[in-house]
Structure formats: C-alpha cells, structure tokens
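Take a walk through the side-chain contacts of this protein model. Keep the structure open as you read.

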Amino acid sequence: MFQITDINQSADEIYHFYKLRFQIEFIFRDAKQFTGLSDCQARDVKKLDFHFNASFTALNIAKLDAHRQH
C-alpha cells in the first residue's frame, strides 16, 4: 500500500489517493449533516453500530434518489 508521504509516488498516484480521501470525507460530512450520524446518545456497541449503519443507509438511499431524479 502506498502512503501520501512516499516521495517516490507519481503525481497521478497522489492525485488518485487525495481524490479517494475527499470522497470519504464528503460521505462522513453528509452523514453528519443530513442523517444524524453524530446525534446518537447510545453507549451500547450494538446500538451504536445500528445507528451508524442506519445513518449511512439513509444517506445512500438519499443519494440514489437524487441521482435518479437528475
């Protein structure tokens, strides 16, 4: 696996990794803003897992719906 700090990487590889990184950050941002990812007050691991999965599922469904409407 390559790392961003590897000075032997090509510019294309660095661009590719940054593009992937920002896509992941946008997913978390959208989940926090629109589907309540950070609003859960549960402490139980199973309940937290359920909340995170529900939040990301809702985000994926919303993005799919938006994509179909365009």
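What follows covers ring pairs, then charged pairs, then one serine.

This is a predicted model, in which local features need pLDDT of at least 70, side-chain atom pairs count only at pLDDT 80 or more, and totals for chains, interfaces and linings use all residues. Residues are numbered from 1 along each chain as its sequence is written, and side-chain values use heavy atoms, with hydrogens and water left out.

Start with the rings. Two aromatic pairs turn up in a search of the whole structure. Rings of Phe, Tyr and Trp (its six-membered ring) pair if their centres lie within 6.5 Å; planes under 30 degrees apart count as stacked, over 60 as edge-to-face and the rest as tilted. Y18 and F22 make a stacked pair, because their ring centres are 6.3 Å apart and their planes meet at 25°. Both residues sit in helix 1 (residues 11-34), four residues apart, so about one helical turn separates them. Helices here are DSSP runs (H or I, at least four residues), numbered from the N terminus.

How open are these two side chains? Y18 is partly exposed, at 32% relative accessibility. F22 is partly exposed too, at 37%. The scale runs as follows: buried means under 20% relative accessible area, exposed over 50%, and partly exposed in between (1.4 Å probe, protein chains only).

The other pair joins F28 and F56. Their ring centres are 5.3 Å apart and their planes stand at 85°, so this pair is edge-to-face. F28 belongs to helix 1 and F56 to helix 2 (residues 45-69), so the contact ties together parts that are 28 residues apart in sequence. F28 is partly exposed, with a relative accessible area of 40%. F56 is partly exposed as well, at 22%.

Now bring in charge. R21 lies over the face of F22, 5.2 Å from the ring centre. A charge counts as sitting over a ring if NZ of Lys or CZ of Arg is within 6 Å of the ring centre and within 35 degrees of the ring normal. R21 also forms a salt bridge with E25, where the closest N and O atoms are 3.0 Å apart. That term requires a side-chain nitrogen of Lys or Arg within 4 Å of a carboxyl oxygen of Asp or Glu. R21 and E25 are four residues apart in helix 1, so they too are separated by about one helical turn. R21 is partly exposed at 41%, and E25 is partly exposed at 36%.

How many salt bridges are there? The count comes to three. R29 pairs with D30, with closest N and O atoms 2.8 Å apart. D30 also meets K63 in a salt bridge, at 3.5 Å from N to O. D30 lies in helix 1 and K63 in helix 2, so this pair ties together parts that are 33 residues apart in sequence. R29 is partly exposed at 39%, and K63 is partly exposed at 38%.

Finish at S55, in helix 2. Is S55 buried or exposed? S55 is buried, with a relative accessible area of 3%. Which residues does S55 touch, not counting those up to four places away in sequence? They are A31, T35, G36 and L37. Contact here means heavy atoms within 4.5 Å.

Conventions
Helices (H or I, at least four residues) and strands (E, at least two) are DSSP runs, numbered from the N terminus.
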